[in-house]
Amino acid sequence: MKIAIIGGGPSGIIAAIEIKKRNPYFEVIIFEQKDSLGKKIKASGNGRCNIGNLNYNFSVYKNEKIVENILHDYDQEEYLKSLGILTKTLYDDYLYPVSESANNVLLILMNKLEELGVQIKLNAKLIDYDTKNDTVNLFFSDGAIVVDRVIFATGGKSSPNLGSDGALFPIFEKHGYKIEHLNPGLTPIRVKENVKALFGQRLKALVSLEENEQIIHQEVGEVLFKKDGLSGIVIMNISSQIINKGCKNPKINTYLLNNEGSILSFDDFKIVALDNKNPLLTFVSESISNYVYELANIDKNKFLDEQDIKRLFSFLNPLSFHYLSAYDFDSSQVSLGGISFNNLDKDLSSKYENNVYFIGEVLDVDGPCGGYNLRWAIGSALYLSKNIK
Ligand SMILES: Cc1cc2nc3c(=O)[nH]c(=O)nc-3n(C[C@H](O)[C@H](O)[C@H](O)COP(=O)(O)OP(=O)(O)OC[C@H]3O[C@@H](n4cnc5c(N)ncnc54)[C@H](O)[C@@H]3O)c2cc1C
């Protein structure tokens, strides 16, 4: 049995390892268009590889029921340990390798591929394929081969410099697959306000995505200001929510919190404000303070009266931003959309073509920051490898 895995990202690598472990006599070949495997693994978690998450609430994923069905058996810590990747948790439930090195994770996986005898073809870009009764013909820029099974682990369109550029989606469409519309997910966002003066500032707050006075998503986190918008984990999560929830006119409100973690009240603020010429400096940086004074149209050199205090507070808490657009795929950590599950059977095989399978980000699944996307890539590969015959 000859199995081709197209794409040498985390899902392709894990599928190769697991299929070969279970079926040592299968010929397993990874075809990767780049000059090395696992470029996104190496870049993940800022080089530390946030490889999973111990929160088992699957509602964070798009297509949560299907994801739960596929991942519910995946014991991340045990499985990674079986590969020699010991893990630890940081920030409550984010899972990292104890080495905190994404490069080490990749090296461990590469050693496994070698030990098991998985073949690796680099600079091998698949451009098309067709299926016969029992075989699949694969066409590369420099030749063709025939295999018994093909697994597409080709990723989405995010960060094309790290590999997956989405070039195969039109080919999948030609083969009759429905592709859920692809959008950049987990990106910084541009806002309508002019925030240039806040460039480089940070603001820790309860960040709330709201539309028509309704809360769509809330999360405590740090907002980082860019020249034209906002970034930071919490904003990247919000960028995906805006698109996945189909928001038309979303607003991002940032609420300052008091020491107990509740939203800073006007009474809390007033106590400080009555005693201080510039009460904002108690809560935010000078640049943010200047920005709020300007929004409120109050001279920052003046002593505040009760009305000024009220007005200033109304602009500070919440500080509001109106969404303009998301950054594009170049700045995105995950693709929203992908191959629809309507095209697939439960074992992730194609409903239309014999011997064709899909795993990882190429499918219509995405999760927030925090290790959820690698968990899906690895877990879906593990699931398929148990079912493929
Ligand atoms: C900067 C960055 C940081 C991230 N950090 C984290 C993190 O810390 N934790 C987390 O959970 N997730 C993180 N992610 C997301 C995570 O890396 C991806 O969701 C995951 O890599 C998807 O795995 P995959 O194997 O499905 O696809 P990919 O990793 O995209 O791999 C697909 C592979 O297929 C190859 N390929 C595509 N088309 C072809 C073709 N036609 N022929 C041959 N080869 C092809 C590509 O070159 C690529 O190597 C991050 C993403 C980015 C961009």
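This is a predicted model: local features need pLDDT of at least 70, side-chain atom pairs count only at pLDDT 80 or more; totals for chains, interfaces and linings use all residues.
Me: Which residues come nearest to the ligand?
Reply: The shell around the ligand holds 34 residues, where near means a heavy atom within 4 Å. The nearest of them are Ser 11, Glu 32, Gly 45, Glu 361 and Leu 374.

Me: Which helix gives the largest share of that shell?
Reply: Helices here are DSSP runs (H or I, at least four residues), numbered from the N terminus. H1 (10–22), H2 (39–43) and H11 (372–387) each supply at least two shell residues. The largest share, four residues, belongs to H11.

Me: How many of the shell residues are polar?
Reply: Ala, Val, Leu, Ile, Met, Phe, Trp, Tyr, Cys and Pro count as nonpolar, Asp, Glu, Lys and Arg as charged, and the others, Gly among them, as polar. On that scheme the shell has 11 nonpolar residues and five charged ones, and the polar count is 18.

Me: How much of the ligand does the protein bury?
Reply: Backbone N or O atoms reach the ligand from Pro 10, 3.3 Å from an oxygen atom, and from Asn 50, 2.8 Å from a nitrogen atom. Taken alone, the ligand exposes 1,000 Å² (Shrake-Rupley method, 1.4 Å probe). Of that area, the protein buries 94%.

Me: Is the crossing of H1 and H5 left-handed or right-handed?
Reply: H1 packs with H5 (residues 102–116) at about 35°, their axes 10 Å apart. Axes are lines fitted to C-alpha atoms over the stretch in contact, with angles from 0 to 180 degrees between N-to-C directions. A crossing is left-handed if the near helix is turned anticlockwise from the far one by less than a right angle, and right-handed if clockwise. For H1 and H5 the crossing is left-handed.

Me: Which residues of H10 meet H9?
Reply: The axes of H9 (residues 286–296) and H10 (residues 306–316) come within 9 Å and cross at roughly 115°. Contact means heavy atoms within 4.5 Å, and H9 brings Val 292, Tyr 293, Leu 295 and Ala 296. Their partners in H10 are Arg 311, Leu 312, Phe 315 and Leu 316.

Terms used
Residues are numbered from 1 along each chain as its sequence is written. Side-chain values use heavy atoms; hydrogens and water are left out. A polar contact is a pair of N or O atoms within 3.5 Å; within protein, one must be able to donate a hydrogen and the other to accept it, and residues adjacent in sequence count only if both atoms are side-chain atoms.
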